[in-house]
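Q: I am new to this structure and would like to learn how to read its features one by one. Could you show me the model and then take me through it?

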Amino acid sequence: MGLIYLLIFLSLGQLTQWSVARLFGKIVNPKVLARTPNIFFLGSVIIALFMAGWGMVQALSAPGITRIEINHSRLPLALDGINIIQVSDFHAGAIVGASRMKEIVSQINSLDPDLVLITGDIVDMNESGMTGVLAPLKGLRSRLGVFASAGNHEFIAGIDRSSDLLKKSGVRFLRNEGVVIDDGFLLYGIDDSSAARFGGEMPELQKIIGAEARDKFSILMYHRPWGFEEFSKQGIDIMLSGHTHRGQIWPFRYLIDIMFPRSYGLFRYRNSYLFVSRGVGTWGPPMRVGSPPEIVQLTLYASRSSIEESGPD
Ligand SMILES: [Fe+2]
């Protein structure tokens, strides 16, 4: 990744140098102009190294807490003020190891959650030692439980193995199913759409999210931020997604924005809300530039709707 960064900044340096030569070629001393390629090359190397180093520091820093408050008329009064933690894209494995998982878990516990929802890409790969890497998840303290839906990486690692690993870690894995939580609302988990590529089948939405979703307040975990309008029409009030990492490393954000029109943040359609998290872990190199790790604290109220971000305490 450092090399890609170097190439990006060398290209930008080359472009800047060419522009300077075109713009000032007639007024600047040719001897001074002859030295500019070296200056731009050195500058590009320094910027690339700085960005790569900063990205590694940012990836390994304590996640910031993104606080969201949503008012919803369908929310049962008994649930007013419910404190839901969404955490996405751990990518636990060789890079995000047990000690990092332990830090994230203790940060989640410090938020005193009623419910913890993990929106996929928990397991990065199928490798030996994964049971130990995921073991800290057993330490999550949540009044109403810890639930997860499958991301594309659960399929890459092998869905049965991922399912087994999550079960051993005390996580209830919702695979194209819904459960009633605390008699107050419905929680659904739908497999990532990449399931089809791995021999799985995408069941019809109507068979998973039935008419009951229109009667009860309903939350959906779906890894990829797609289909929001359709889920809303099915009766989903809150949809939680991840997957995009918000590009993870600048400037890939711009590419991700083209692929996913809702690539990060809070969105509304009719009376439904979608929050897309940039996630807590890293895919590929342990680097995040301009997209720091995040834990989402979602509080459901009767009278407010706002979003604020804060850095780690
Ligand atoms: Fe991911």
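The dialogue below goes through domains, a residue in a loop, and a strand pair.

A: This is a predicted model, in which local features need pLDDT of at least 70 and side-chain atom pairs count only at pLDDT 80 or more, while totals for chains, interfaces and linings use all residues. Residues are numbered from 1 along each chain as its sequence is written.

Q: Into which domains is the chain divided?

A: Domain bounds come from an automatic or database domain assignment, and here they give domain 1 (2–58) and domain 2 (63–309). The contact between them, where two residues count if their C-beta atoms, placed from the backbone, lie within 7 Å, takes six residues from domain 1 and six residues from domain 2. Taken over C-alpha atoms, the centres of domain 1 and domain 2 are separated by 40 Å.

Q: Is Asp191 buried or exposed?

A: A residue is buried if 20 or more other C-beta atoms, placed from the backbone, lie within 10 Å of its own, exposed if 12 or fewer, and partly exposed in between. Asp191 is buried because 27 other C-beta atoms lie within 10 Å. Leaving aside residues up to four places away in sequence, Asp191 touches Ala150, Arg175, Asn176 and Gly200.

Q: How many bridges join strand S10 to strand S11?

A: Strands are DSSP runs (E, at least two residues), numbered from the N terminus, and two of them pair if DSSP finds at least two bridges between them. Five bridges join S10 (residues 265–269) to S11 (residues 272–276), and the two run antiparallel. Gly265 has Val276 in S11 as its bridge partner. The two strands form a hairpin with two residues between them, and Arg270 in the turn has a positive phi of about 50 degrees.

Definitions and conventions. Helix = DSSP H or I, 4+ residues; strand = E, 2+ residues; numbered from the N terminus.
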